[in-house]
Amino acid sequence: MKWRKLGKIFDPAEHALPLGCVEWAQAPQALVCGDFIRIYFSTRQKDANGKFLSHIAFVDMSKDLGRVLSVSKRPVVKLGGLGTFDEHGIFPLNVVRDGDRILGYIGGWSRRIAVPVDGSIGFATSRDGGETFQKAGPGPILTASLHEPFMVGDPFVAWFEGVYHMWYIFGTRWIRNASDETWERVYKVAHATSPDGLSWTKEDGSQIVADKLGADECQALPTVARIDGRYHMYFCYREAIGFRTDRNRTYRIGQVQSDDLKTWSRDDASVGIDVSAAGWDSDMLCYPHLFSCDSKTYLLYNGNEFGRRGFGAAVAVDWHTGGDQ
């Protein structure tokens with residue numbers, strides 16, 4: 001697989017985002033519309049205490065991803081109320097067309113005391129073309145369970161073979177960072193299915209992506225497409241400790257492949273994209289999103305500082321779209 005990088009295509013500092021957000025455009029997720037592509041992303045606002053809240057915004061771009069047409073004027077989904085799973089932020093919002101509505105899967109997070117954060121997955125719908133989403137209720141549709149005790153998030157949903165499939169992450173344990181006495185989480189990719197997109201059955205505690213870096217590898221933001229009759233999952237992975245300061249321990253993009261959506265084989269050598277020699281994506285690649293438009297396959301992704309300065313894109317130069325996504 002070979003990719004041609006299109007460069008950084010969106011910088012949040014160059015646009016007036018809702019709620020005064022000026023940095024971070026993380027976890028870009030595409031919705032192909034009639035004559036443009038809408039890309040949702042997670043951006044940040046500082047609250048009254050100087051702490052960040054994550055909000056969902058979007059940018060509408062030309063179908064070649066070469067021009068910004070407009071940006072959202074208000075948050076796409078309201079954050080949750082006191083004590084709810086998405087009280088402090090949403091990261092990401094994954095979207096799926098379903099007839100005359102758009103389904104939205106919310107990666108909600110909230111702060112905790114003993115450890116920094118926890119997360120669950122919520123559900124919302126849009127009937128105004130994706131301008132705004134309304135939650136089905138204040139609680140999550142997928143959350144911690146017997147063998148997935150915390151940090152359930154990063155949903156990606158697709159309709160394959162008459163079934164809704166969700167790939168997501170779940171936390172396995174917390175590790176003490178000896179350098180600053182903070183706690184860092186370890187998380188893996190998992191899978192669930194649903195007949196209606198709302199009620200989900202998990203393969204509880206079943207890690208579906210093999211580790212490359214060992215048991216402490218962190219795996220995030222899976223995205224799946226069916227191309228040339230085979231299923232391809234891209235995701236990002238990193239070390240659990242030292243990833244904020246050591247570019248060799250931070251996020252890179254990995255890949256697994258499957259013929260049946262059950263057994264996945266890891267093949268990072270076929271990813272076809274890596275950090276640049278210099279510039280906005282020279283330290284890390286993270287939060288990938290695969291999608292197809294006008295018979296081309298694209299990859300959206302974040303670069304240095306986890307998307308603080310925006311996101312970029314690449315186009316596949318030797319792939320042909322082989323089915324629905």
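User: How many disulfides does the count come to by this rule?

Analyst: A disulfide is a covalent bond between the sulfur atoms of two cysteines. The rule here takes a pair of cysteine sulfur atoms within 2.5 Å. By this rule the count is zero. The model is predicted: local features need pLDDT of at least 70, side-chain atom pairs count only at pLDDT 80 or more, and totals for chains, interfaces and linings use all residues. Residues are numbered from 1 along each chain as its sequence is written, and side-chain values use heavy atoms, with hydrogens and water left out.

User: Is cysteine 218 buried or exposed? And cysteine 293?

Analyst: Buried means under 20% relative accessible area, exposed over 50%, and partly exposed in between (1.4 Å probe, protein chains only). Cysteine 218 is buried, at 0%. Cysteine 293 is buried too, at 4%.

User: How do I read the nonpolar cores, and which residues have the most contacts inside the largest?

Analyst: In soluble globular proteins, nonpolar side chains tend to be buried together. A core here is a set of buried Ala, Val, Leu, Ile, Met, Phe, Trp, Tyr and Cys residues joined through side-chain atoms within 4.5 Å. The largest has 38 residues. Trp167, Met233, Tyr251, Trp264 and Tyr287 have the most contacts inside it. Strands S10 (150-160), S11 (163-177), S12 (182-194), S14 (218-227), S15 (230-238) and S18 (286-293) each supply at least two of its residues. Strands (E, at least two residues) and helices (H or I, at least four) are DSSP runs, numbered from the N terminus. A second, separate core has 21 residues, including Ile37, Leu65, Cys293 and Leu300.

User: In what order do the strands of the open four-strand sheet run?

Analyst: Strands of a sheet pair through backbone hydrogen bonds, either parallel or antiparallel. Here two strands pair if DSSP finds at least two bridges between them. The order is S10-S11-S12-S13, with antiparallel pairing. S10 and S13 (201-202) stand at the edges with a single partner strand each, so one side of each has no neighbour in the sheet. Between S11 and S12 there are 13 bridges.

User: Which strands pair with S20?

Analyst: S1 (3-10) joins S20 (311-316) through six bridges, running antiparallel. Lysine 8 stands opposite glycine 312 in S20. S19 (296-302) also pairs with S20 in the antiparallel sense, over five bridges. There, asparagine 302 faces phenylalanine 311 in S20.

User: Which residues of S20 point which way?

Analyst: Phe311, Ala313 and Val315 point one way, with Gly312, Ala314 and Ala316 pointing the other. Six of the six residues of S20 are buried, so the strand is largely enclosed by the rest of the structure. Glycine 310 sits in the loop between H1 and S20. Glycine 310 is also buried, at 2% relative accessibility.

User: What lines the largest pocket?

Analyst: The search uses a 1 Å grid over the protein atoms alone. A pocket is an open set of points where a 1.4 Å probe fits, with protein on both sides within 12 Å along at least five of seven lines; lining residues have an atom within 4 Å of a point. Volume is the space filled by probe spheres set on the points, which are joined across faces, edges and corners. The largest pocket holds about 1000 Å³. Its lining has 35 residues, and Arg44, Val117, Arg185, Arg244 and Tyr287 lie nearest its centre. S12 gives the most, with five residues. By class, 16 are nonpolar, nine polar and ten charged. Nonpolar means Ala, Val, Leu, Ile, Met, Phe, Trp, Tyr, Cys and Pro; charged means Asp, Glu, Lys and Arg; the others, Gly among them, are polar.

User: Where is the cis peptide bond?

Analyst: The cis bond joins phenylalanine 91 and proline 92, with omega about -5°. Proline 92 lies in strand S6 (residues 89-98).
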